[in-house]
Amino acid sequence: MCHAFAGSIPRGEYFIGFPDAREVIKDKNLKPRARGTFQSPWRVLTIGNLATLIESTAGTDLALPAQKVDADFIKPGRASWSWINSKDDFIVYEEQKKYIDFAANMHWPYCLIDVNWDQKIGYEKIAELAQYAKTKNVGLILWYNSAGDWNTVKYTPKGKLLERQGRRDEFARIEKMGIKGVKIDFFGGDGQSVIKYYQDILLDAADYHLLVNFHGATLPRGWARTYPHLMTAEAVRGFEMVTFEQKDADNQPTHAALLPFTRNAFDPMDFTPMNLYKIPTSVKRKTTSAFELATSIVFLSGIQHYAESPEGMAHVPAFAQELLRQLPNQWEDVKFIDGYPGKLCVVARRSGNRWYVAGINGEAKEKELKLDLSFLSKAKATLITDGEPMFTQQSVTPSNATVVTVKANGGFVLVTE
């Protein structure tokens, strides 16, 4: 199975490489093998203007139809997450309880508990947290190490999902505890046996009503259609990189403005966006707060894990907090409004009768945008842009030439009433 660009790219020519010999797990199968006739996976090209690219669903439409699963447990939503701000040392009981309260206060249905929870909190106390979260209408998602031959990462739980019976025993255990989903990390490439491991996990997770997030993972290839409980996958240089390296923070505006046209065009993307206040490390964020707010709408993920803390949210104006409480958990329609990969992306998404228009500026220069919002011409709307100390809002009437000034590396959100 082809999986990566290999070698240099002379004259813009891309070369496709086969999996590395180490990209195997369990049965050691690296490449597909078949006798007689067989079918290969689809390879999809979306050709057209940028609106075609943003609005097309070809990538998922051509995936295999949905597996038969009990769909009652499949509920998209938003999530709090402590690790992005406080990292490994704070995967402890009290910190996770604080983030459960944070999710409840923001009306977000999930809270993700990350690495080493089995050591630092333990199964018994996790069960206690799950019951506490249930009283707050919040569901817990637990992190796991994928393990495998090529995996040298020591984070735990590790090794519990590798074999089918152990995996099903673990899934049964946490389902009984009230856990709603799993985040599985550090997969070892795209060899045939690794791809089968992904699919085996998805099949077993469905039996135990667990939502799935693949992190440190391959591009999902339309799997969210085939396995509707696959809520998201990383497969991107996401916001956690921004918290580690200044060079990633410097590149974030351009990178983020490229992703809606590339990685996030079809499949759900766990970028973990929206740090509104500041990064709690030595790194200085280059995007504005309105840019970050807009990513909550521009980026698509079945579960959107937000990179904000309770302490950071305390600095956010009440009207922006209320927007984040009322954001839909899923969208019914999308329109491309304006943009160019890496420079600008403005999209409109609809839930019910309400439209949310969001834009991010990937360049370090202020822009005056004239947006064709004529499809909203009979609506009244609220426009949120960058201001002091964080945001400003105003009432607007959308038209075929709605003017929005966007700061350098800035953004905006417009919401119809």
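Colleague: In β4, which residue is the bridge partner of Trp81?
Modeller: This is a predicted model, where local features need pLDDT of at least 70, side-chain atom pairs count only at pLDDT 80 or more, and totals for chains, interfaces and linings use all residues. Residues are numbered from 1 along each chain as its sequence is written, and side-chain values use heavy atoms, without hydrogens or water. Strand β3 (residues 77-81) runs parallel to strand β4 (residues 110-113), with three bridges between them. In β4, Trp81 has as its bridge partner Leu112.

Colleague: Which strands stand at the edges of the seven-stranded open sheet?
Modeller: Strands are DSSP runs (E, at least two residues; helices are H or I, at least four), numbered from the N terminus. Two of them pair if DSSP finds at least two bridges between them. The order is β8-β7-β6-β5-β4-β3-β9, with parallel pairing. One side is left without a neighbour in the sheet because a single partner strand is there for each edge strand, β8 (230-233) and β9 (303-305).

Colleague: What is the average twist from one strand to the next in this sheet?
Modeller: Angles lie between N-to-C directions, from 0 to 180 degrees, using lines fitted to C-alpha atoms (for helices, over the stretch in contact). From one strand to the next, the twist averages 25 degrees.

Colleague: At about what angle does helix α4 run to β4?
Modeller: Helix α4 (residues 93-105) lies across β3, β4 and β5 (139-145). Contact here means heavy atoms within 4.5 Å. The angle to β4 is about 160 degrees.

Colleague: Which strands stand at the edges of the six-stranded open sheet?
Modeller: The order is β10-β11-β12-β17-β14-β15, and the pairing is antiparallel. Each edge strand has a single partner, so one side of each lacks a neighbour in the sheet. The edges are β10 (333-340) and β15 (391-396).

Colleague: Which residues touch the most other members of the largest nonpolar core?
Modeller: A nonpolar core is a set of buried Ala, Val, Leu, Ile, Met, Phe, Trp, Tyr and Cys residues joined through side-chain atoms within 4.5 Å. Buried means under 20% relative accessible area (exposed is over 50%, partly exposed in between; 1.4 Å probe, protein chains only). Of the 104 residues in the largest core, the answer is Trp117 and Phe214.
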